[in-house]
Amino acid sequence: MKKILLLFILSFIYSNIFSQTDITESELKEHLQFLTSDKNAGRYPGGKENRWVVKYIKKDFKNLGIKPFKTGYEQNFKAELRVDKGEKPVVKTCNVIGFIEGNDPVLKNDYIVLGAHYDHLGFGGPSAKSDKRGVVYHGADDNASGTSALLEIAEKLAAKKSQLKRSVLFIAFGAEEQGLLGSKYFVEHPKVSLSQIKLMINLDMVGRLNAEQQVYMGGAGTFPGGVKFMTNLGTSLGLNPIVHAGSVGGSDHVSFYKKGISVLGIHTGGHPQYHTPEDTIDLINLKGEKQVCEYVFQTILQKASSHDEMYFINQD
């Protein structure tokens, strides 16, 4: 009886440790459920719903041991909002920034940024692809998927932080849907010298991995050996990476690229539910999103734990 009890306790401890250090479908789903809930009203910038989401991300960072960077987790800014008609309101919102410091005395001054925007369209507006108003635009793929992926990758990297030579910044951007406002504000008011940021990886719509296992990315040619590295790594993980040297695209990584920073913009493709109220959690491929998370985790782990030379290569 004692042996059975001991085995049960050890099994419980092991499973608990595993769940806190690995990327799991259950935790991805938990994040997605919160982010897409009606309570959060489509994660529109400004207002109490925005504050609830920010509080959730900050709490998760704290629980993972992801430290605030310098002055705190929040980088506050004002956002002018797009509206169907009338005067454009200006609201307060923020980026949420966490930090793992590298261990190498020199390379810890290099940074890899992992970013994803947490905002969406609220109850519609001029960026919507549907004429429906007054209903929640849940934004499950765009971009609750990227935000949940960021949190899960941060969790696994925190468990492997002893292996990191370079430092890692995790940034949940605000007001991306209003014109990349959060990332634009960050690069204009950077927390570190932009020259210290060696790679920015952006996750925007990573929840719809298709049957062909296709993961799309632009910007792989902006750092040395990037196309070959991302192709070989993705293939080794059972994915079918569609890797572009340029084709930087139109999400938050563009703000970094315009400042001469190497980028990867990663997504799993478009779909008819984009910017409609029908972009809901039931359409998320959790198994596929976990695979994408592992891909990005391995990318950061390998680049942050190596002495690989990292510099910007223009793709215009």
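1. The crossing of α6 and α8 is right-handed (the near helix is turned clockwise from the far one by less than a right angle). Helices here are DSSP runs of H or I with at least four residues, numbered from the N terminus. This is a predicted model, in which local features need pLDDT of at least 70 and side-chain atom pairs count only at pLDDT 80 or more, while totals for chains, interfaces and linings use all residues. Residues are numbered from 1 along each chain as its sequence is written, and side-chain values use heavy atoms, with hydrogens and water left out.

2. Helix α6 covers residues 226-236, and its axis comes within 10 Å of that of α8, at a crossing angle of roughly 130°. Axes are lines fitted to C-alpha atoms over the stretch in contact, with angles from 0 to 180 degrees between N-to-C directions.

3. On the α6 side, the contact (heavy atoms within 4.5 Å) is made by Phe229, Met230, Thr231, Leu233 and Gly234. Tyr295, Gln298, Thr299, Gln302 and Lys303 supply the α8 side. By class, these are four nonpolar, five polar and one charged; Ala, Val, Leu, Ile, Met, Phe, Trp, Tyr, Cys and Pro count as nonpolar, Asp, Glu, Lys and Arg as charged, and the others, Gly among them, as polar.

4. Helix α8 (residues 286-304) also packs against α4 (residues 140-159), with an angle of about 50° and axes 9 Å apart. α4 and α8 are therefore oblique to each other as well, and α4 passes α8 in a right-handed crossing. From α4, the contact takes in Ser145, Ser148, Ala149, Ile153, Lys156 and Leu157; from α8, Glu289, Cys293, Glu294, Val296, Phe297, Ile300 and Leu301. The contact of α4 with α8 has eight nonpolar, two polar and three charged residues.

5. Two backbone points should be noted. The peptide bond from aspartate 142 to asparagine 143 is cis, with omega near 0°, and asparagine 143 lies in helix α4. Arginine 43, a residue other than glycine, has a positive phi near 50°; arginine 43 sits in the loop between α2 (25-35) and α3 (47-64).

6. The whole structure has one cavity of 30 Å³ or more (on a 1 Å grid, points where a 1.4 Å probe fits but cannot get out). The largest cavity holds about 40 Å³ of space. Its lining (residues with an atom within 4 Å of a point) consists of Tyr44, Arg82, Leu121, Gly124, Gly125, Pro126, Ser127, Glu177 and Gln178: three nonpolar, four polar and two charged.

Conventions
1 Å grid on protein atoms, 1.4 Å probe; cavity = no way out; pocket = protein on both sides within 12 Å on 5 of 7 lines; lining within 4 Å. Points joined across faces, edges and corners; volume = space filled by probe spheres on them. Helix = DSSP H or I, 4+ residues; strand = E, 2+ residues; numbered from the N terminus. Parallel < 35°, antiparallel > 145°, perpendicular 65-115°, else oblique.
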